[in-house]
Amino acid sequence: GPIFATAGVTLFLADEQLGPRRVLGILTGFAGVVVLFSGGLGEASGAGWLLESLGVVAILGSTMLIATVAIIVRRSFSHLEPAQIALPQLCAGIVMVSVLIAVLAPAGIVVPRAGVPSAEVVVALLSLGLLNAGVGNLVYYAALKRFGVTGTALVGYVAPVVGVALSILLLHHALGWNVIG
């Protein structure tokens, strides 16, 4: 994300030009992510190699799209408050999911369940819906407004560290050379 954000702000946002210190920080963070995820890459063959390659393309494509959205929001919607940006997005998401359920349920592709949801379902709904989609979007758009595209994108370097730490603590994954690096 930060690499695409850096390229984008350099091209499209005059108020976020980068200095040498910021570029060095971004490249250092990128190198860390490459080292972190390099263990085990390239070991697959045949169909596994194709799936691994598609996964890499999907990750790169999604980070490029996230950077593009951040640049568009910063460039075109910086006059709006974070809630004014997030609320229509959340409402559109609710409508889109409702339409998908209405179309896919009669075909049997999605099977809506009636009844009282379990505690796990309620926790998942609250954490993903309220915290991630609700509070998370507000924090994200507030960060874009305050720290700019590049500063906000740098948070993306924290996610792999948290993910690896949780996988070691909760799933007991091994601590390899690339994780230490």
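In which helix is the place of Ala-83? Ala-83 sits in helix α4, where helices are DSSP runs of H or I with at least four residues and strands are DSSP runs of E with at least two, numbered from the N terminus. The model is predicted, and for that reason local features need a pLDDT of at least 70 and side-chain atom pairs count only at pLDDT 80 or more, whereas totals for chains, interfaces and linings use all residues. Residues are numbered from 1 along each chain as its sequence is written, and side-chain values use heavy atoms, with hydrogens and water left out.

The protein chain has seven helices and zero strands, and from the N terminus on its elements run α-α-α-α-α-α-α. Along its principal axes the C-alpha trace spans about 55 × 50 × 30 Å. Of the 181 residues, 19% count as buried; buried means under 20% relative accessible area, exposed means over 50%, and partly exposed lies in between, with a 1.4 Å probe and protein chains only. Contact means heavy atoms within 4.5 Å, and of the contacts with a separation of 6 or more, 78% are accounted for by residues 24 or more positions apart.

Ala-83 itself, at 42% relative accessibility, counts as partly exposed. Not counting residues up to four places away in sequence, Ala-83 touches Pro-88 and Leu-138. Ala-83 and Gly-129 are 46 residues apart in sequence, and their C-alpha atoms are 15 Å apart in space.

The interior can be approached through the nonpolar core, defined as a set of buried Ala, Val, Leu, Ile, Met, Phe, Trp, Tyr and Cys residues joined through side-chain atoms within 4.5 Å. In soluble globular proteins, nonpolar side chains tend to be buried together. The largest nonpolar core holds 14 residues, of which Val-9, Tyr-141, Leu-144 and Val-149 touch the most other members. At least two residues of this core are supplied by each of α1 (2–12), α3 (47–76), α4 (82–104) and α5 (119–153).

Tyr-141 counts as buried, with a relative accessibility of 7%. Leaving aside its neighbours within four places in sequence, Tyr-141 is in contact with Val-73, Pro-82, Ile-85, Ala-86 and Gln-89. A search of the whole structure finds one aromatic pair. The ring centres of Tyr-140 and Tyr-141 are 5.2 Å apart and the planes stand at 70 degrees, so the pair is edge-to-face. For such pairs, rings of Phe, Tyr and Trp (its six-membered ring) must have their centres within 6.5 Å, and planes under 30 degrees apart count as stacked, over 60 as edge-to-face and the rest as tilted. Tyr-140 is partly exposed, at a relative accessible area of 25%.

Tyr-141 also belongs to the lining of the largest cavity, together with Val-73, Arg-74, Phe-77, Ser-78, Leu-80, Pro-82, Ile-85, Leu-144 and Lys-145. The elements that give two or more residues to this lining are α3, α4 and α5, and α5 gives the most, with three residues. On a 1 Å grid over the protein atoms alone, a cavity is a set of points where a 1.4 Å probe fits but cannot get out, a pocket is an open set with protein on both sides within 12 Å along at least five of seven lines, and lining residues have an atom within 4 Å of a point. The largest cavity has a volume of about 60 Å³, where grid points are joined across faces, edges and corners and a volume is the space filled by probe spheres set on the points. By class, its lining has seven nonpolar, one polar and two charged residues; Ala, Val, Leu, Ile, Met, Phe, Trp, Tyr, Cys and Pro count as nonpolar, Asp, Glu, Lys and Arg as charged, and the others, Gly among them, as polar.

The second largest pocket holds about 170 Å³ of space. Its lining consists of Leu-90, Ile-94, Ala-124, Leu-125, Leu-128, Gly-129 and Ala-133, and the elements giving two or more of these residues are α4 and α5. The largest share, five residues, comes from α5, and by class the lining has six nonpolar, one polar and no charged residues.

Helix α5 also contains Thr-150, which counts as buried at 0% relative accessibility. Leaving aside its neighbours within four places in sequence, Thr-150 is in contact with Ala-5, Thr-6, Val-9, Glu-16, Leu-18, Arg-22 and Ile-26.

Finally, His-172 is found in the loop between α6 (158–171) and α7 (177–180), and at 66% relative accessibility His-172 counts as exposed. His-172 has a positive phi of about 60 degrees although it is not a glycine. Most residues other than glycine have a negative phi.
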